[in-house]
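Thanks for coming. I have one model to go through today, so let me put it on the screen.

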There are 2 protein chains.
Amino acid sequence: MKNNMNSILLAHGSGGKLQSDLLEKVILKYIKNPIINLLEDSAYLSCFPKGCKSKIAFTTDSYVVNPLFFPGGNIGKLAVCGTVNDLLCIGAKPLYLSLGLIIEEGFDYEMFEKIIIAVALEAKSAGVKIVCGDTKVVEHGKGDGIYVNTAGIGEIKHYFSPQKIEAGDFIIVTGNIGDHGIALLSERQKMKFKTPIISDVANLTGIADILFKTSGIHCMRDPTRGGLGGILKEIALKSNIEIEINENSIPVNPGVNSICEILGIDPLYLANEGKFVIFSKEEKVVSLLRRTKLGKNTAVIGRVIKKKQKGEVILLTKTGGKRIIDIPRGELLPRIC
Amino acid sequence: MKNNMNSILLAHGSGGKLQSDLLEKVILKYIKNPIINLLEDSAYLSCFPKGCKSKIAFTTDSYVVNPLFFPGGNIGKLAVCGTVNDLLCIGAKPLYLSLGLIIEEGFDYEMFEKIIIAVALEAKSAGVKIVCGDTKVVEHGKGDGIYVNTAGIGEIKHYFSPQKIEAGDFIIVTGNIGDHGIALLSERQKMKFKTPIISDVANLTGIADILFKTSGIHCMRDPTRGGLGGILKEIALKSNIEIEINENSIPVNPGVNSICEILGIDPLYLANEGKFVIFSKEEKVVSLLRRTKLGKNTAVIGRVIKKKQKGEVILLTKTGGKRIIDIPRGELLPRIC
């Protein structure tokens, strides 16, 4: 391995500062597409198909989660949910997925079958079809069981974007944060808890159905890698707003909270795989979401306080202080998704 | 590593018999989509978008080629060409690509940059836009430099399919076969030749432009993994035809031929990354293709002799004998693409 300056580090894949650098300094330097902002998770193909009312959205994600099976799911379920949620986030109805598999030689056939079953079940639950695929096998020691890529096509129903955010918008999160991160961490470290922490991995089609029918929704995101803190900072920077969030209002499972306190981890930077952060003009959507199973812990966690700012995110702490939230710089938990 | 029955083998990714088994016995067992034949490389989304004249095609491929840089190209160029050619094959005009990267920790930053440059240049040459992407980094020893996934969206212009093949169709190949396979092999084995063998990796948009304007084209395929022999057998089985090809007519670079003779390799099973096999009612397209740079060695290699057969592919050998061509069973060259 070469030194840091000349080689790719784990943190280049963390969803944090180094990842943005890699994207901006290499990928976007060469790959330029005037019609589309590559920094977004999904692309609006607003000029395609020509002369057609329906417009499509396109997204992709590779999943390298470790371990492959964790409390609440496996890489197959995660791959479908992640890509479905990415499409929902920008206001598209997910329709078709591709499935690219990179399998390590010697990988257990039965585990492979379980992963494919999870893909099939989750696709059915999300109302999407897996329509094309590809399978590659690499030598033992050149992979880690299986890596999964899903690309997704959706039909654009609404236009949600950081650019639409206004001063005064309520910032809403659809439930407890950090469950996925702690579920993965506990599985990796073989930690045992009285009440095990289960990943929140889920497709949010039900939640999105409600949001698509509600007026005043300006922007939605899924706080995966980088967590709630990372995504809020990213949005604040993109839309030049100032955000204030209240630590007391952020829903966190008490079990997750205890583990975070013991290990000195901030739940704000833990990954989620079944949550949306919503910027909404109105608060009424909260009560609608609370009636759903996946959204029962929905809460308003803050407000957009100013527009045309430098993108500051301020956390009002439980102890009455203020803390500036930044994009995570290092690598908290590699291979979380 | 477990025994063969319980675990995935390299040959499960070879494009041969074991790969079809894996697809049929596991993947297609659970993932069923009545509207689409998942056995095809690309999906026709014939019912999407609704009420719209333009219909879209969707495809995906992961690239795990080893080595990453080889005579004639690198994994970045390959990833764009492969997905573009897959779309062209079914009669779609490639428009948008996604780019999913799985990078091994410690991978050389400069090599990464070269790969991204190759992606950008090839996308430009093929007239497609990279519109969304994802980057993951895995620990050193859990990958092999970089794996690349590209999914692609195209607009359907023509409907080419094995089902359209008729008795009497000319079987045409657009140039010398086996160049990619031998280029990879020689790079891996550090073999030195007087005239180095260069991979044929290329996007075939120019060739497809001609084919899209020519009447009588029934089916097109790119003979990548599994080679010309593998793809012909696959098509023969799908469309219940009997095929006869003439070994004397199959264009092979003399250098590739010599290496194949020395090593006892059959060029019919070597991978190509810049060739089409065409089933055409008429022969006239050959002279049109021969005028192009990438198609200058285009040749008629055989005919469809019967329909409603069991899918036999017969090779009339140079020595005047007959040989039955089957799908390759084992693994000739792993990680060729």
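Helix H1 (residues 17–30) of chain A packs against helix H3 (residues 109–126) of chain B at an angle of about 25°, and their axes lie 8 Å apart. Helices here are DSSP runs of H or I with at least four residues, strands are runs of E with at least two, and both are numbered from the N terminus. Axes are lines fitted to C-alpha atoms, for helices over the stretch in contact, and angles run from 0 to 180 degrees between N-to-C directions. The angle makes H1(A) roughly parallel to H3(B), a label used for angles under 35 degrees.

This is a predicted model: local features need pLDDT of at least 70, side-chain atom pairs count only at pLDDT 80 or more, and totals for chains, interfaces and linings use all residues. Residues are numbered from 1 along each chain as its sequence is written, and chains are lettered from A and ligands numbered from 1 in the order in which they are written.

Which residues make the contact between H1(A) and H3(B)? From H1(A) they are A:Val26, A:Ile27 and A:Tyr30, and from H3(B) they are B:Phe112, B:Glu113, B:Ile116, B:Ile117 and B:Ala120. Contact means that C-beta atoms, placed from the backbone, lie within 7 Å. By class, this contact has seven nonpolar, no polar and one charged residues. Ala, Val, Leu, Ile, Met, Phe, Trp, Tyr, Cys and Pro count as nonpolar, Asp, Glu, Lys and Arg as charged, and the others, Gly among them, as polar.

Now the whole interface. Chain A and chain B each put 72 residues into the contact. On the side of chain B that touches chain A, E6(B) gives the most, with 10 residues. That side of chain B divides into 38 nonpolar, 20 polar and 14 charged residues.

Next, the sheet of chain A. Its five strands form an open sheet with mixed pairing, in the order E1-E2-E7-E5-E6. Two strands pair if DSSP finds at least two bridges between them. At the edges are E1 (42–45) and E6 (129–138) of chain A, each pairing on one side only. Neighbouring strands are turned by 15° against each other on average, direction ignored. Helix H2 (residues 75–89) of chain A packs on this sheet, touching E1, E2, E5 and E7 of chain A, and its direction makes about 30° with that of E7(A). Helix H3 of chain A also packs on the sheet, touching E5, E6 and E7 of chain A, with its direction at about 175° to that of E5(A).

How values were computed:
Contact = placed C-beta atoms within 7 Å. Parallel < 35°, antiparallel > 145°, perpendicular 65-115°, else oblique.
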